[in-house]
Amino acid sequence: MSSIKDLRTFMEIMEKNSQMVHIEREVSINHEIGNVIRACENANTGAPYFEHVAGSSFSLIGGVLSSMDRIALAMECTKEEIVGKLMVALENPIAPVKVETAPCQENIILGEDVDLGILPIPIHAPKDGGAFITGGVIVSKEIGGIKQNLSFQRMQVKGKNKLGIMINEWRHLKEFYDEAEKEGKALPISIVIGADPMVYVGAGLRYNGDELEVVGSIRKEAVQVIKSITNDIYVPATAEIVVEAQIEPGIRENEGPLGEFTGHYSEPWPSPILTVTAITHRNEAIYQTIAGASFEHINLGGVVPREPLVMKHCTYVSSGVKDVHLAPYGSGFLALVKMKKSNPGEPKNVAMAAMISYVNIKNVIVVDEDVDIYNPADILWAMSNRVVPEKDIFYVPHSQGHELDPTSDNRGVQTKMGIDATLNEDSKGLERVVYDPVDLNKYFS
Ligand SMILES: Cc1cc2nc3c(=O)[nH]c(=O)nc-3n(C[C@H](O)[C@H](O)[C@H](O)COP(=O)(O)O)c2cc1C
Ligand SMILES: [Mn+2]
């Protein structure tokens, strides 16, 4: 059993591990919070907890999972164990259990009283088109169905009970919504804001089932869920805030732009509309947000959920593969693979396997066992010392990538690149210099 039950218990753990900073001065939701979250991420300060948000009685936390250290803390393992732990969890689901009363319904706001204005929903990046709920986990299911789904969808505030929602292709929510819309029906959803960080990891996963089963598996305990007040969606009992809503059929309105995971702004997009039916929250609820174009955005959407997939394909091709990492500074387009090669041609095959494991992956760098794939300096050292360009680099022109990648055309067609950055057999410098580690505390007084 885990000691992480909800956002609050995880905040205590972050605090103990120097992974959270308190911000006591009053801050504005208009860009100031977004700027501070990004600055904290750059300076690796820990997740900023804003105790006083101007105009709101809710406090706010951002950047909870913006570093691999905090993702490891949330998953109760080391950074190197994250991929393996997720792979096991995906194979061993534990279904959620229903409860009758829950902290997330300590306060219930219904009907005319519903007003999104009570929530401190930030306008994050300088040129974002408005205030967006970005750290909301959407719980949904098909109309008349039982199996629930978790996902992230950006939602722009458009009125006191109205939001725009961007639902991309290949999403489970899109399947449910398309079906409902065909029948002229609204699709009920519930939006969870502030929860056990594993719920956030789960929402980024592509999984054929209820992602809360994977959360349960990681925690080795079923997630407790309670029925929403105005629909039949079950939400985690210890959520900080739940926004209950329905996606209306037959309506599209522009929402955006928003800072996206590529580090660029996306275009405004004609998107469906949500009508909010209730807001429920815990006493002294904490609002959780994810800054667009941040490492957290990429970690949850393109790194953690995709690494198990890349690992599976690479280890299928070579048993010498030790670890894979989709570095967040590569926007999820860059795969780093660490391996012990037993044959000079092997790294290129491994690079090809990584490339086809997930459509977003464009560039693959394969390194030897002595290189730390979590340290960009070590990757650039290997690139500088171990690559013979005409032999070690290959291109796959006109292949399929992600359409938001600035190097792709508007259907996502692009050139992929593989780099064998392992030491060549005929290289002159064969032994890397490694000094013995020391405890510096013994030397500094
Ligand atoms: C912070 C964040 C924001 C995201 N925003 C959107 C979005 O606006 N629309 C969308 O369709 N997918 C978005 N995604 C990606 C999906 O949430 C993700 O692919 C998820 O796995 C979809 O769930 P599903 O596989 O159950 O459909 C976002 C992901 C993250 C981490
Ligand atoms: Mn799903």
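I looked up I251 first: its relative accessibility is 33%, so I251 counts as partly exposed (buried is under 20% relative accessible area, exposed over 50%, partly exposed in between; 1.4 Å probe, protein chains only). The model is predicted: local features need pLDDT of at least 70, side-chain atom pairs count only at pLDDT 80 or more, and totals for chains, interfaces and linings use all residues. Residues are numbered from 1 along each chain as its sequence is written, chains are lettered from A and ligands numbered from 1 in the order written, and side-chain values use heavy atoms, with hydrogens and water left out.

I placed I251 in the loop between β14 (241–247) and β15 (253–255); strands are DSSP runs of E, at least two residues, and helices runs of H or I, at least four, numbered from the N terminus. Leaving out residues up to four places away in sequence, I found I251 touching Y177, E181, S271, P272 and I273 (contact means heavy atoms within 4.5 Å). P270 is 19 residues from I251 in sequence, and their C-alpha atoms are 9.1 Å apart.

Next I turned to the domains. I noted domain 1 (73–282) and domain 2 (306–420), with bounds from an automatic or database domain assignment. Their C-alpha centres lie 32 Å apart. I have 13 residues of domain 1 in contact with 15 residues of domain 2.

I then checked for salt bridges across this interface and the rule finds zero (a side-chain nitrogen of Lys or Arg within 4 Å of a carboxyl oxygen of Asp or Glu). Helix α4 (residues 82–91) gives the most to the domain 1 side, with five residues.
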